Amino acid sequence: MTQDDLARQIPVVGDGSGSEADPRFHREELQLASRNHAIPLEALRYDITPPGLHYTLIHYDIPQVETTIWRLRVGGEVERPLSLSLDDLMRHPEVRQPITIECAGDGRAYTSPRAISQPWLTGAVGNAEWTGTPLRAVLEEAGPRGSAVDVVFTGLDRGFEGGIEQEYQRALSVADAMAHDVLLAWGMNGQPLPPQHGYPLRLVTPGWYGMAHVKWLGGIEILPTRFAGYQHTAYQYTDDRAKVGQPVERMRVRSLMVPPGIPDFLTRTRIVDRGLVALEGRAWSGEADVAGVEVSVDGGSSWSAADLDGSGGPRAWRRWRFTWTADNLGTYELVCRARDAGGGVQPVEQAWNARGMGNNMAHRVTVIVR
């Protein structure tokens with residue numbers, strides 16, 4: 001059986017355009033949702049997200065890796081090809097850094113029509129302390145040739161996507177790969193990487209959306225040309241999947257709110273007591289430093305500045321706080337939006353794109369004051 005024959009037997013969900021007007025969720029989307037999870041929004045209170053609460057997205061399967069025989073292979077346009085064990089890597093200079101990672105498809109389920117994929121609502125994000133060695137040190141050890149253009153990272157997870165059998169692969173330009181804060185990470189929050197987060201080794205690319213942080217890393221290849229693999233070209237801002245658009249790269253400025261009070265079980269509507277209500281949340285941007293956060297208690301008609309805590313690190317999210325005087329009973333829509341030093345602002349209404357990427361719309365929480 002050829003690969004094309006096999007691909008034709010894989011069920012196609014939707015009309016092939018990647019988006020559907022049908023508001024109901026497909027069984028396949030629910031199947032993905034049961035495998036992957038977002039951070040519970042109340043866990044935004046943690047400066048460092050516990051591994052079990054950090055968001056996860058697993059494209060294919062968690063591979064079984066035997067570390068006694070596992071090697072990271074570095075080749076292609078290099079002077080000295082490498083085959084490194086985990087112990088070899090851990091003898092390199094060690095760095096620990098808190099870094100916020102968000103999935104590029106976060107918020108996809110709120111768009112209409114909706115791209116049929118992992119149906120994220122809100123919270124595909126986390127802020128962990130990653131331990132590893134700078135990628136630059138390993139690349140310099142291998143010695144990139146003058147012909148080097150892109151650095152391709154290959155994970156050990158394998159599957160079908162878009163009708164193509166593939167290993168998960170992404171690339172960075174040589175300049176981006178040589179950035180001082182890009183890590184080959186073997187630890188998370190002071191412990192070895194959990195299986196779902198890429199054990200034994202993953203790439204961590206601060207500021208970039210999650211698709212660039214290749215997990216279960218097995219190979220690095222330096223190419224003399226631009227890489228055009230499926231996962232590298234699928235992440236684009238475009239109004240038509242058949243068209244070439246702008247690449248999805250760095251995280252857009254965003255803030256989220258810890259839902260105040262207590263929830264209704266099914267709807268997650270919040271109930272708070274009348275009086276002073278403490279609001280808090282997190283803000284981040286992969287494009288520039290977070291410059292401020294605003295809060296609205298009337299659905300976005302008026303805004304007030306929140307207090308912004310000091311940075312937990314150059315690539316980590318920041319806490320914001322605001323005190324709401326809820327004097328009157330009734331139902332309110334609370335909203336938060338952030339801005340960064342580069343001029344980026346969370347939009348009140350989200351611009352649509354065919355793949356449901358980069359959804360950084362202002363966060364809304366419905367609250368009943370009793």
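Let's start with Cys-103, which is buried, at a relative accessible area of 8%; buried here means under 20% relative accessible area, with a 1.4 Å probe and protein chains only. Before I go on, a word on what we are looking at: this is a predicted model, where local features need pLDDT of at least 70, side-chain atom pairs count only at pLDDT 80 or more, and totals for chains, interfaces and linings use all residues. Residues are numbered from 1 along each chain as its sequence is written, and side-chain values use heavy atoms, with hydrogens and water left out.

Now to the strands, which are DSSP runs of E, at least two residues long, numbered from the N terminus. Please find strand 18, residues 275-284. Eight of its ten residues are buried, so strand 18 is largely enclosed by the rest of the structure. Who are its partners? Strands count as paired if DSSP finds at least two bridges between them. Strand 18 runs antiparallel to strand 22, residues 318-326, with nine bridges joining them; there, Glu-280 has Arg-321 as its bridge partner. Strand 15 also pairs with strand 18 in the antiparallel sense, over four bridges, and Met-257 stands opposite Gly-281.

Strand 15 takes us to the second largest pocket. A pocket is an open set of points on a 1 Å grid over the protein atoms alone, with protein on both sides within 12 Å along at least five of seven lines, and lining residues have an atom within 4 Å of a point. This pocket is lined by 34 residues, and nearest its centre lie Leu-41, Tyr-110, Leu-121, Thr-122 and His-363. Strand 15 (254-257) and strand 24 (363-369) each supply at least two lining residues, and strand 24 gives the most, with four.

Finally, what about enclosed space? A cavity is a set of grid points where a 1.4 Å probe fits but cannot get out. The largest cavity has 21 lining residues, of which Tyr-55, Leu-57, Gly-210, His-213 and Lys-215 lie nearest its centre. Thank you, and do have a look around the model!

Methods
Buried < 20%, exposed > 50% of the residue type's maximum accessible area, 1.4 Å probe, protein only.
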